[in-house]
Amino acid sequence: QVQLVESGGGLVQAGGSLRASCAASGRTFSYYAMGWFRQAPGKEREFVAAISWSGGSTYYADSVKGRFTISRDNAKNTVYLQMNRLKPEDTAVYYCAAGSYGFSEYAYNYWGQGTQVTVSS
């Protein structure tokens, strides 16, 4: 069992940066790939980024490639999402998830409660 708690969301102007964190409980954090997803009001939840259990492989949605960076620290049971050059269309609730490496939400078994990111124009 893995419990996930996100933090680090907030309000930022377009062009700014934020770093979201996701702290995991349990000793098996390093066994899981981790992903970030987001859901904007009135829209379906969508994939943002994923990282393999070792951190050696990463994968990004085209919409964030080159602006967002996913990383993890297995010693701290934490995964990060560094968000640079933010745009108003990045406004959403951001969720972290633990499971198998991939871009489908069905690959992930455990989900956090989400953290709000709001980008003003």
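Cys22 is buried, at 0% relative accessible area. Buried means under 20% relative accessible area, exposed over 50%, and partly exposed in between, with a 1.4 Å probe and protein chains only. Cys96 counts as buried too, with a relative accessibility of 0%.

This is a predicted model: local features need pLDDT of at least 70, side-chain atom pairs count only at pLDDT 80 or more, and totals for chains, interfaces and linings use all residues. Residues are numbered from 1 along each chain as its sequence is written, and side-chain values use heavy atoms, with hydrogens and water left out.

What joins Cys22 to Cys96? A disulfide does, with an S to S distance of 1.9 Å. The pair links distant parts of the chain: Cys22 sits in strand E3 (residues 18-24), Cys96 in strand E9 (residues 92-99), and 74 residues separate them. A disulfide is a covalent bond between the sulfur atoms of two cysteines. Here the term is applied to a pair of cysteine sulfur atoms within 2.5 Å. By that rule the count is one. The torsion about the S-S bond of Cys22 and Cys96 is about 45 degrees, so the disulfide is right-handed.

Now step back to the fold. The chain has 11 strands and zero helices. Helices (H or I, at least four residues) and strands (E, at least two) are DSSP runs, numbered from the N terminus. Contacts here mean heavy atoms within 4.5 Å. Of the contacts between residues at least 6 apart in sequence, 56% join residues at least 24 apart.

Next, the dimensions. The C-alpha trace spans about 40 × 25 × 25 Å along its principal axes. Of the 121 residues, 45% count as buried.

The surface comes next. The chain exposes about 6,300 Å², and carbon and sulfur atoms supply 48% of it. These areas come from the Shrake-Rupley method with a 1.4 Å probe; for residues, only the protein chains shown count as cover.

Finally, look at two loops. Asn77 lies between strand E7 (68-73) and strand E8 (78-83). Its phi is near 55 degrees, a positive value in a residue other than glycine. Arg85 is in the loop between E8 and E9. Phi of Arg85 is also positive, near 45 degrees.
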